[in-house]
Amino acid sequence: MISSRRRPVAASVLLALEAVVFALFVTESVTGAIAAVGFTCLSVWVHVVLHECGHLVAAKLLRLPIVAVRIAPFTGRRNEVVVRPAPSATALPLRMVLFYLAGPVANMCAAAALAVAGASTSTPMTRLALLGAALVAALLGVLNLIPGTSPRSDGRNLLRWLSAPTATRAGLRAAHYQEEINRTVRAVSPPPGGPVRDGEDPRGALAAFQQRWSTGRAQSAADLVADAERLAALARADTTDPVAAAAIGQVLTVQFGLWYLYGAVVNGAPVERREVLEIAELAQIAFHVQPHLMSARVAMSLAHLLNHRPEQARSLLVDIRPGVDPPDLCDIAFLLRAVAECQLGNHADADALVRAAGGGYPQLTEVVAAIRAAHPTPPLFAVAPMAAT
Ligand SMILES: [Zn+2]
């Protein structure tokens, strides 16, 4: 039996041998056959580079922000050009379709050029080599257009942007918003540097939760909720150290509170009353222990906003100190206070706060702008009573 790792190598060697035998019939020369097949095999390297260059040139021409370029054929590493467009960018579906098409199109163009060159040559060995390379280029282009299971598959991404542009753009916006939430979560509770130990120790459990969910490798929403419920139980337990409970309360309030804000504003789905009560309880655990900390005040003000208490939310965020508190936390505080000012009808104050926040949180800024633009301000969140603070 051949091991699964060796199987592709064995298949490639067998294929190359068959190609040499075929080439022998055409060229009637052993060296000619080996040279033609060798040229075809080596051309794979060029076609892979051409494919990624196609994506790269398209990204440049279409002004799509490039975040990573990895081109290293046959090193075992993934070859890719990664772009990170703003979800609200103009004509994004068309630009993304052209970006994903560019790689396979580069291969098709190379295939056509090689085929023309091969057809116009009279030497059998050169013709075979050029036609073989053309076949490899065409195959690479076609294979990349077939929708695969990988999230990086050209075919799969093409199909998504073509068949469901609105949903794909919404998914991109939600992913960017989650990145902003992750940054906020890190600002309210920096994760430990070293390896973490999961279990019933509250600090270890919180660190494990953050490591699992802030890296963007989330398994499912149901897993996230189950994880969060275990943590919330630890925060409420009498045996838990109050400072550890406060850290858990802050992280869960920010993680879920910002999603509830997004759900209400972007998806038009205000959060249920029991969720508001749970958020308020967790925020209170944090605020009760460390009322002076900006992170605790951010969490508590978010709970107040969800509970339709803009005055209380604003009063906690009057004293925002850039340069003293972490920049990410200050930006979030400015934006949450902008939401409170919008709800109170102070639109000029809200605009000034959005400017003070800078552009570091574009998705949350858009959420604030959506609340600001609503006339009159609609009841965005479920009204629910909250425990006295
Ligand atoms: Zn590609």
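Strand 1 and strand 2, the latter spanning residues 80-83, pair in the antiparallel sense over four bridges. They are the two strands of a protein chain that also holds 15 helices, and the model described here is a predicted one. Of the chain's 389 residues, 36% count as buried, and among contacts between residues at least 6 apart in sequence, 63% join residues at least 24 apart.

**Confidence in the model**

- The mean pLDDT of the protein chain is 84, and 84% of its residues reach 70 or more.
- Over residues 384-389, however, the pLDDT is below 50, although in the model this stretch has 10 contacts beyond near neighbours in sequence.

- Within the pairing of the two strands, Ala 68 has Val 82 of strand 2 as its bridge partner.
- Strand 1 lies largely in the open, because the number of buried residues among its five is zero.
- Arg 63 is placed in the loop that runs between helix 2 (30-61) and strand 1 (66-70), and this residue has a positive phi of about 55° although it is not a glycine.
- Arg 63 is exposed, because the count of other C-beta atoms within 10 Å is 9, and a residue is called exposed when that count is 12 or fewer.

**A second residue with positive phi**

- His 308 is found in the loop between helix 11 (294-306) and helix 12 (310-316), and its phi, near 60°, is a positive value in a residue other than glycine.
- His 308 counts as partly exposed, because it has 17 C-beta neighbours inside 10 Å, a number that falls between the limit of 12 or fewer for exposed residues and that of 20 or more for buried ones.

**Nonpolar cores**

- The largest nonpolar core has 68 residues, and those with the most contacts inside it are Ala 283, Ala 299, Ala 333, Leu 335 and Leu 336.
- Helix 9, which covers residues 242-265, supplies the largest share of this core, namely 14 residues.
- Apart from this core lies another, of 24 residues, which includes Phe 99, Tyr 100, Leu 114 and Met 125.
- Leu 336, one of the residues with the most contacts inside the largest core, is in contact with Val 298, Ser 301, Leu 302, Leu 305, Ala 313 and Leu 317 when its neighbours within four places in sequence are left aside.

**Helix 5 and what covers it**

- In helix 5, which runs over residues 154-163, the residues Asp 154, Leu 158, Arg 160 and Trp 161 are buried.
- What covers the buried residues of helix 5 includes helix 3 (92-119), helix 4 (124-145) and helix 6 (165-188).

**Regions listed in the record**

- An unreviewed UniProt entry lists residues 97-119 and 125-146 under "transmembrane region".
- In the model, the chain over residues 97-119 is 100% helix and 0% strand, with the end C-alpha atoms 32 Å apart.
- Over residues 125-146 the chain is 95% helix and 0% strand, and here the end C-alpha atoms are 32 Å apart.

Conventions. Residues are numbered from 1 along each chain as its sequence is written. This is a predicted model: local features need pLDDT of at least 70, side-chain atom pairs count only at pLDDT 80 or more; totals for chains, interfaces and linings use all residues. Two residues are in contact if their C-beta atoms, placed from the backbone, lie within 7 Å. pLDDT is the predictor's confidence in each residue, from 0 to 100. UniProt positions are given in the numbering used here, feature names are shortened, and annotations may be inferred rather than shown by experiment. A nonpolar core is a set of buried Ala, Val, Leu, Ile, Met, Phe, Trp, Tyr and Cys residues joined through C-beta atoms within 7 Å. Two strands pair if DSSP finds at least two bridges between them.
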